[in-house]
Amino acid sequence: MSPRAGSAGTHTLAFVESPVQLLNVLEWAHLHATEAPEAPDAGRGTGTRPALTLVVLSPTDPMTRGQLRRMAELARGEGYEVRWEEARGGPGAPFRTIGGLTPMLRRARRVVMGDPFSRYVQLLLTITRARDLVVVDDGTATMEFVAQLARGERLVRWHRKGGRQGARDLVFAPVSSSARRRLTPGARRHVEVFSSMPVNERPDGVTVTANDFAWTRARFGPPRITRTADMVGTSLVETGVVDGERYLEAVRTLAKAHGVTRYFAHRRESTDKLHRLATETGLEIVRPDLPLELIARRGPVGATILSFPSTVVHTLPLALAGTEVRVAVCDIDPAWLTENASPRAQGFLSGVTGTARDVTRLSAVTAA
């Protein structure tokens, strides 16, 4: 293992459930390694355990699993230990996973997590004795987490806020409340948020550290830039926020106006929707095998990247810093929202767009 892996700190346990979370753990470890004094080499072959252990709580959908396996390879290449858990592999999987992780959680001095809204992570937080807790980006949800923590609210994902609590929510409420208390800093607990997202409401005592994607820029690129444009897909249809027909028309209109040739699918986009997009727009549908920040940095990449409000309007300008790639974001027209969308959806999505730096802002596609 390289010195940078060893200097990330002893007894650090990281839990990730998505490729982006794993990427941001690598970014966090890289930053802290460069800030810390060089540690003794604990190179592979010496028998010394890595200071950072990445635990992948694997989901079930194939695309996410594939990206996670690729990211796990990169993490091992950096010298970190990766533990793959089939956390959702049947009714008994959660009990086996939690039972197997409990000794590690008891020993860990620092716990890094990518999704504080995850019920899995919240349950694991009730077990750990770690005094150092770190939350790395899980996309735009990080903005909502920080705001909820600052206001002392219960932890609820933004697209579900305003809806009625189901039976499972009520049963899990004590665990969620305990997790929120553990994520509140105190005399014996330090909490850090490592994020590329804008943090407008900073909770008292929480350390906010900027993620500028230094590891990504150091390892990949610069990319070859094509003369065409690329578009980034979103799962807003799948989460019930945006109407599918409106979204299809918006993609068609934007692609024609800006010369888009490739559509980078979000890992949660449905196969049926992607098939319709390919058939009705003529776009080449690309299912990335790594997070888009790495795909874009490796190239080739379009001279313009179009996106709807999402994490990438904040992360791509950082990952592509120093290149001539332009990132453009198209607002979500309120008419696109479904009747089941959260009352906060429009305001939250507008905030995602409005706070993005170094992007070109496009008006909503009114033709949709």
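Predicted model: local features only at pLDDT ≥ 70, side-chain atom pairs only at ≥ 80, totals over all residues.
**View 1. Pro222 has its place in the loop between helix H8 (214–219) and strand S8 (225–232).** Gly221 and Pro222 are joined by a cis peptide bond, with omega at about 5 degrees. Most peptide bonds are trans. A second stop on this theme is Pro300, found in the loop between helix H11 (292–298) and S11. Here the cis peptide bond links Gly299 to Pro300, and omega is about -5 degrees.

**View 2. Phe213 is not a glycine, yet its phi is positive, at about 60 degrees.** Most residues other than glycine have a negative phi. You can find Phe213 in the loop between strand S7 (207–210) and H8. Is Phe213 buried or exposed? Its relative accessibility is 1%, so Phe213 counts as buried.

**View 3. Asp358 also has a positive phi of about 60 degrees without being a glycine.** Look for Asp358 in the loop between helix H13 (345–354) and strand S13 (360–362). Is Asp358 buried or exposed? With 72% relative accessibility, Asp358 counts as exposed.

**View 4. Phe117 and Phe145 form an edge-to-face aromatic pair.** A pair of aromatic rings is described by the distance of the centres and the angle of the planes. Which parts of the chain does the pair tie together? Phe117 lies in the loop between strand S4 (110–113) and helix H5 (119–125), while Phe145 belongs to helix H6 (residues 141–151), so the pair connects parts that are 28 residues apart in sequence. Both Phe117 and Phe145 are buried. A search of the whole structure turns up 4 aromatic pairs, and the next view shows another.

**View 5. Tyr247, Phe308 and Trp336 make up one aromatic cluster.** Start with the rings of Tyr247 and Phe308: their centres are 5.2 Å apart and their planes are at 50 degrees, so this pair is tilted. Tyr247 sits in helix H9 (residues 244–258) and Phe308 in the loop between strand S11 (301–307) and helix H12 (312–319), so the pair ties together parts 61 residues apart in sequence. Both Tyr247 and Phe308 are buried.

**View 6. Arg69 places its charged end over the ring of Trp84.** How far is that charged end from the centre of the ring? For Arg69 and Trp84, the distance is 3.9 Å.

**View 7. Leu26 is one of the residues that touch the most other members of the largest nonpolar core.** Helix H2 (residues 19–35) gives the most to the core, with 6 residues. A second, separate core has 31 residues, including Leu57, Ile98, Phe145 and Val193. Which residues does Leu26 contact, leaving aside neighbours within four places in sequence? They are Leu54, Met71, Ala75, Tyr80 and Trp215.

**View 8. Stepping back, the protein chain has 13 helices and 13 strands.** Of its 368 residues, 54% are buried. The chain exposes about 16,100 Å², and carbon and sulfur atoms supply 50% of that area. Among contacts with a separation of 6 or more, 73% are between residues 24 or more positions apart.

Terms used:
Residues numbered from 1 in each chain as written. Heavy atoms only, no water. Core = buried A, V, L, I, M, F, W, Y, C linked by side-chain atoms within 4.5 Å. Buried < 20%, exposed > 50% of the residue type's maximum accessible area, 1.4 Å probe, protein only. Helix = DSSP H or I, 4+ residues; strand = E, 2+ residues; numbered from the N terminus. Contact = heavy atoms within 4.5 Å. Areas by Shrake-Rupley, 256 points an atom, 1.4 Å probe, with all protein chains shown as cover. Phe/Tyr/Trp six-rings, centres within 6.5 Å; stacked < 30°, edge-to-face > 60°. Lys NZ or Arg CZ within 6 Å of the ring centre and 35° of its normal.
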